[in-house]
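Subject: Handing over a structure, with notes on what was found

Dear colleague,

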Amino acid sequence: MIYQVMPDLTPMEYEGLKASISEVGVLVPVELDEDGNILDGHHRAGAWTELRAEGVDIAKYATLVRRGMTEEQKRNHARVLNVNRRHLNKEQRDSVMRDMRADGATNKEIAAAVGVSEATAWRTTSDLSFERSEVVNARGQTRPATYARKPEPPPTMFDPGGSADLEPK
């Protein structure tokens, strides 16, 4: 469960999910990466597996495969899907924002995902110190996170301020 980035459901929440799945099945598809790892739906898949082992006749759950995402994008995708479904307290929400920032999400992306202002996302993540070598935009294009400084130009022989005496004597 490498992409289980959120805390486990409480036993009561899990039993409620399991009871719902027993009655109506899995309503939201389980999301997988191209290697079959679960990005979203760990608890749904687990409850379904347990119900099948208990002899409950239940249809196989639907899956959705997400391809071409980096490891950081997979973790942030899982966070985005979960953050608004769960009832998180402030500390848990702040932890999600900090984890998203550490995995390369911008404050604008974090704010949209969590439902806070960009200023709140910035305040929550501003003390993180990390360096990224690349930045990926919304179209998947990469660029260096920082650029090397241009060298200083060589000193000129002529001082435009007029302090040099350039006229022959």
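Let me begin with a single side chain: Lys-18 has a relative accessibility of 10% and therefore counts as buried, a word that here means under 20% relative accessible area, whereas exposed means over 50% and partly exposed lies in between (1.4 Å probe, protein chains only). Lys-18 lies in helix H1, residues 11-24, where helices (H or I, at least four residues) and strands (E, at least two) are DSSP runs numbered from the N terminus. Leaving out residues up to four places away in sequence, Lys-18 touches Ala-47, Glu-50, Leu-51 and Glu-54, a contact being a pair of heavy atoms within 4.5 Å.

Before going further, please note that this is a predicted model, in which local features need pLDDT of at least 70 and side-chain atom pairs count only at pLDDT 80 or more, while totals for chains, interfaces and linings use all residues. Residues are numbered from 1 along each chain as its sequence is written, and side-chain values use heavy atoms, with hydrogens and water left out.

As for the chain overall, the protein has six helices and five strands, which follow the pattern α-β-β-α-β-α-α-α-α-β-β when read along the sequence. Of its 169 residues, 30% count as buried, and among the contacts with a separation of 6 or more, 62% are between residues 24 or more positions apart.

One of the residues touched by Lys-18 is Ala-47, which is found in helix H2, residues 42-53. Ala-47 counts as buried because its relative accessibility is 0%, and, with residues up to four places away in sequence not counted, it touches Tyr-14, Lys-18 and Ile-21. Ala-47 and Val-26 are 21 residues apart in sequence, yet 9.3 Å apart in space, C-alpha to C-alpha.

Helix H2 also holds Arg-52, which is partly exposed, with a relative accessible area of 40%. Apart from its neighbours within four places in sequence, Arg-52 is in contact with Asp-57 and Ile-58, and its C-alpha is 9.5 Å from that of Ser-22, a residue 30 places away in sequence.

Turning to how the helices pack, two packed helices are described by the angle between their axes and the distance between the axes. The axes are lines fitted to C-alpha atoms, for helices over the stretch in contact, and the angles run from 0 to 180 degrees between N-to-C directions.

The axes of helix H3 (residues 71-83) and H4 come within 10 Å and cross at roughly 155°. H3 and H4 are therefore roughly antiparallel to each other, given that angles under 35 degrees count as roughly parallel, over 145 as roughly antiparallel, 65 to 115 as roughly perpendicular and the rest as oblique. H3 passes H4 in a left-handed crossing, where left-handed means that the near helix is turned anticlockwise from the far one by less than a right angle, and right-handed that it is turned clockwise. Asn-76, Arg-79, Val-80 and Val-83 of H3 make this contact with Val-96, Asp-99 and Met-100 of H4.

Helix H4 (residues 90-102) packs in turn with helix H5 (residues 107-114) at an angle of about 145°, their axes being 10 Å apart, and this crossing is right-handed. Here Arg-93, Met-97, Met-100 and Arg-101 in H4 meet Asn-107, Ile-110, Ala-113 and Val-114 in H5.

H5 packs also with helix H6 (residues 118-125), at an angle of about 110° and with the axes 8 Å apart, so that H5 and H6 are roughly perpendicular to each other. Their crossing is right-handed, and Asn-107, Lys-108, Ile-110 and Ala-111 in H5 meet Glu-118, Ala-121, Trp-122 and Thr-125 in H6.

Finally, the largest nonpolar core has 12 residues, including Met-6, Val-83, Val-96, Met-97, Ile-110 and Val-114; such a core is a set of buried Ala, Val, Leu, Ile, Met, Phe, Trp, Tyr and Cys residues joined through side-chain atoms within 4.5 Å. The elements that give two or more residues to this core are H4 and H5, and H5 gives the most, with four. Apart from this core lies another, of 11 residues, among them Tyr-14, Ile-21, Leu-32 and Trp-48.

With best wishes
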